[in-house]
Amino acid sequence: MKAVGMSDIGMCRQNNEDAYYIADDDFPVPHCYIVADGMGGCNAGEVASQTAIAAFVSYVQAQQSKWDTPDLLTTAFQAANQAVFDKSNTSLAFAEMGTTMVAAIVQDNKAYIAHVGDSRAYVLQDGTLQCLTTDHSYVMELVKMGDITKEEAAKHPKRNIITRAIGIRDLVETDVTIYDVKKGDLLLLCTDGLSGMLSDAEMETFLQQKISLKKKVKGLVDTANEKGGFDNISLVLIEI
């Protein structure tokens with residue numbers, strides 16, 4: 001299994017509040033990947049995303065043998081949430097900071113996906129791109145109620161308002177999805193700096209190209225920047 005990650009400041013932001021993680025060979029749970037998109041004043045966003053990932057990793061290192069994978073993800077997200085929430089109460093500079101987060105663990109031909117917020121997981125299988133997560137956002141609530149379509153949501157002026165995030169409250173509800181994967185599939189984790197700039201169809205066309213993972217990752221980031229780069233852009237691309 002191969003994985004390539006990249007985080008770019010984009011064209012409009014003064015600092016990068018995103019973070020990502022690719023587990024190395026020493027990590028107790030192999031094939032673990034995380035992407036987070038922080039929010040908050042000053043530098044609090046980048047503190048939130050980095051704190052969440054660090055807490056997730058530390059928790060898994062200490063607890064992984066005690067849980068099955070879905071429960072491990074859920075409790076690791078809660079550990080990340082508690083770490084960000086506690087840190088947000090230590091200083092006015094960190095007050096009300098939070099982060100989205102999406103994580104994947106690939107085991108036994110299954111991708112276990114957990115997420116909070118609007119960072120997403122996609123899979124390219126048999127040439128077709130499918131989103132595996134549902135945004136925790138204001139516009140997605142409107143879509144669920146039938147008030148707007150997904151196409152309208154992509155251009156809605158309030159599309160950046162999220163309804164769930166890591167670190168905002170002392171408890172967080174985490175969604176977990178399990179998806180069957182096979183050799184040759186591509187698993188994509190990304191922040192809305194990518195999914196908000198490129199349509200699913202555009203990402204699908206790009207990922208179908210017969211080029212290396214590294215070139216696909218760089219090309220996706222470059223394309224998002226060419227389209228405006230209004231936010232930080234971060235992704236991890238995994239080849240099963």
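**A walk through the predicted model**

Asp126 is exposed, because its relative accessible area is 62%. Exposed means over 50% relative accessible area, buried means under 20%, and partly exposed lies in between, with a 1.4 Å probe and protein chains only. The place of Asp126 is the loop between strand 6 (120-125) and strand 7 (128-131). Helices (H or I, at least four residues) and strands (E, at least two) are DSSP runs, numbered from the N terminus. Asp126 is not a glycine, yet its phi is positive, about 55°.

This is a predicted model: local features need pLDDT of at least 70, side-chain atom pairs count only at pLDDT 80 or more, and totals for chains, interfaces and linings use all residues. Residues are numbered from 1 along each chain as its sequence is written, and side-chain values use heavy atoms, with hydrogens and water left out.

Asn109 is another residue to look at. Its phi is near 65°, a positive value in a residue other than glycine. Most residues other than glycine have a negative phi. Asn109 sits in the loop between strand 4 and strand 5. With a relative accessible area of 54%, Asn109 is exposed.

Now turn to the interior. In soluble globular proteins, nonpolar side chains tend to be buried together. A nonpolar core here is a set of buried Ala, Val, Leu, Ile, Met, Phe, Trp, Tyr and Cys residues joined through side-chain atoms within 4.5 Å. The largest such core has 33 residues. Phe27, Ile34, Ile53, Phe56, Phe77, Met101 and Ile166 touch the most other members. Two or more residues each come from strand 2 (18-22), strand 3 (32-39), helix 1 (44-63), helix 2 (69-88), strand 4 (98-107) and strand 5 (110-116). Helix 1 gives the most, with 10 residues.

Which residues does Met101 touch, not counting residues up to four places away in sequence? They are Ile34, Val35, Ala36, Ala52, Ile53, Phe56, Phe77, Ala80, Ala114, His115, Val116 and Ile166. Contact means heavy atoms within 4.5 Å. Apart from this core lies another, of 20 residues, among them Tyr122, Leu186, Leu188 and Leu235.

The expected span is 1.5 Å times one less than the number of residues. The buried residues of helix 2 are Thr69, Leu72, Leu73, Ala76, Phe77, Ala80, Asn81, Val84 and Ser88. They pack against helix 1, strand 4 and strand 5. Ala79 is also in helix 2. Leaving out residues up to four places away in sequence, Ala79 touches Ala55 and Tyr59. Its C-alpha atom is 32 Å from that of Gly229, 150 residues apart along the chain.

Ile168 lies in the loop between helix 4 (150-153) and strand 8 (175-180). At 36% relative accessibility, Ile168 counts as partly exposed. Beyond residues up to four places away in sequence, Ile168 touches Met39, Asn81, Phe85, Glu96, Met97 and Gly98. The C-alpha atoms of Ile168 and Gln82 are separated by 9.2 Å, though these residues are 86 apart along the chain.

Helix 7 (residues 213-226) comes next. It has 14 residues and reaches 20 Å from its first C-alpha to its last, close to the 20 Å expected. Leu213, Lys216, Val217, Gly219, Leu220, Val221, Ala224 and Asn225 are its buried residues. These pack against strand 1 (2-8), strand 9 (186-190), helix 5 (192-195), helix 6 (200-207) and strand 10 (233-239). Just after helix 7, Gly228 takes a positive phi of about 135°.

Last come the pockets. On a 1 Å grid over the protein atoms alone, a pocket is an open set of points where a 1.4 Å probe fits, with protein on both sides within 12 Å along at least five of seven lines; lining residues have an atom within 4 Å of a point. Volume is the space filled by probe spheres set on the points, which are joined across faces, edges and corners. The largest pocket has a volume of about 840 Å³. Of its 27 lining residues, Arg120, Asp135, Ala154, Ser195 and Gly196 are the closest to its centre. Helix 3 (138-144), helix 4, helix 5 and helix 6 each supply at least two lining residues.

The second largest pocket holds about 220 Å³ of space. Its lining includes Arg13, Glu17, Asp118 and Asp231. Strand 3 gives the most to this lining, with 3 residues.
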